[in-house]
Amino acid sequence: MAVLEMSYRSVTNPVGIVRVVEIFLSCVTFSLVAHDRAFSGSYGAWCMFSWFFCFILSVLIVLMEFTGLCQKIPISWEDFTSAFAMLATLMMLTASIIYPVEFLKDCPGNLCAFKAAATAMSCLCFIAYAVEVGLTRAKPGEISGFLSTIPGLLKVLEAFVACIIFISINNYWTNPGLQWCMAVYCLCFIFVLIIIIFTICKIHLLSFSFDKALTGYNILAVLMYASAAIVWPIYCFDKKLGGTSRPTNCSPCPWDGLVVVTVMTYVNLVVYIVDTVYSVRLVFISST
């Protein structure tokens, strides 16, 4: 029978203290929003999911480290916690922007106070998770898990931006051009997710260099996202190809989602380019 060894240092060191603060702030945030059910639509659901998901995972991480169970499970715990900290930082950032933009307008006094307080707590929670990323990120020369390095954090960022695209996208089935873009977003997201899961679970199925395979994938992803960055805005906004302009008196407007997808496509294209350049330099230049 396994004996649990309580590690009080896990909640008294700087990272542990930050995680306790994250738990408190995320709990307060979603509690304030849930109190008056001040969320609706896909963006409201995303914000609520972000706060609750980060709260649950942070509680799980603190409990696993406090009881020592993290040392008994067959995964790379360092990769898992680093990936989650990065993901939670991005989720809190978007929730802290989306929620006030979508819901902190035209609201009555008492309800507006709850929304403003939730926004403030969300911003503080974003800062807390960003501090954790800074404390846990691998420094140059350190031996650490892949997901705590810059290429690993970029992988988490690529997956996160794809999630923002998915919650913003609509009517992609109207023509083959948009269908191709949707295929690009889905395929790249699936491969990034596989890389993250395999890294955390310490699964190695490739008989050749993982770094070289990753570089090859990055180059392919850049080409695919470059095509989507050209095709998506053309088919969405060019009236000759079925695109439309923003309707008048449209709030909330599905057309705004098309703009978000366009911007996020270019953001992810830049991230993939940075990831590719970093990987090429790491694999082919540093090794020579």
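Helices are taken here as DSSP runs of H or I of at least four residues, numbered from the N terminus. In this predicted model, Thr 81 lies in helix H3. The residue is buried, because its relative accessible area of 7% falls under the 20% cut-off. Leaving out residues up to four places away in sequence, Thr 81 touches Arg 19, Ile 61, Glu 65 and Glu 132.

When neighbours within four places in sequence are set aside, the contacts of Tyr 225 include Ile 165, Tyr 185, Cys 188 and Tyr 272, together with Asn 268 and Thr 265.

H1 and H2 pack at an angle of about 150°, and their axes are 9 Å apart. The two helices are therefore roughly antiparallel to each other, and their crossing is left-handed. Among the residues making this contact are Arg 19, Glu 22, Ile 23 and Phe 30 of H1, and Trp 51, Phe 55, Ile 61 and Glu 65 of H2. By residue class, the contact divides into 12 nonpolar, 3 polar and 3 charged residues. Arg 19, Ile 61 and Glu 65, which take part in this contact, are also among the residues touched by Thr 81.

Methods
Residues numbered from 1 in each chain as written. Predicted model: local features only at pLDDT ≥ 70, side-chain atom pairs only at ≥ 80, totals over all residues. Heavy atoms only, no water. Contact = heavy atoms within 4.5 Å. Buried < 20%, exposed > 50% of the residue type's maximum accessible area, 1.4 Å probe, protein only. Axes fitted to C-alpha atoms, helices over the stretch in contact; angles between N-to-C directions. Parallel < 35°, antiparallel > 145°, perpendicular 65-115°, else oblique. Left-handed = near helix turned anticlockwise from the far one by under 90°. Nonpolar A, V, L, I, M, F, W, Y, C, P; charged D, E, K, R; others polar.
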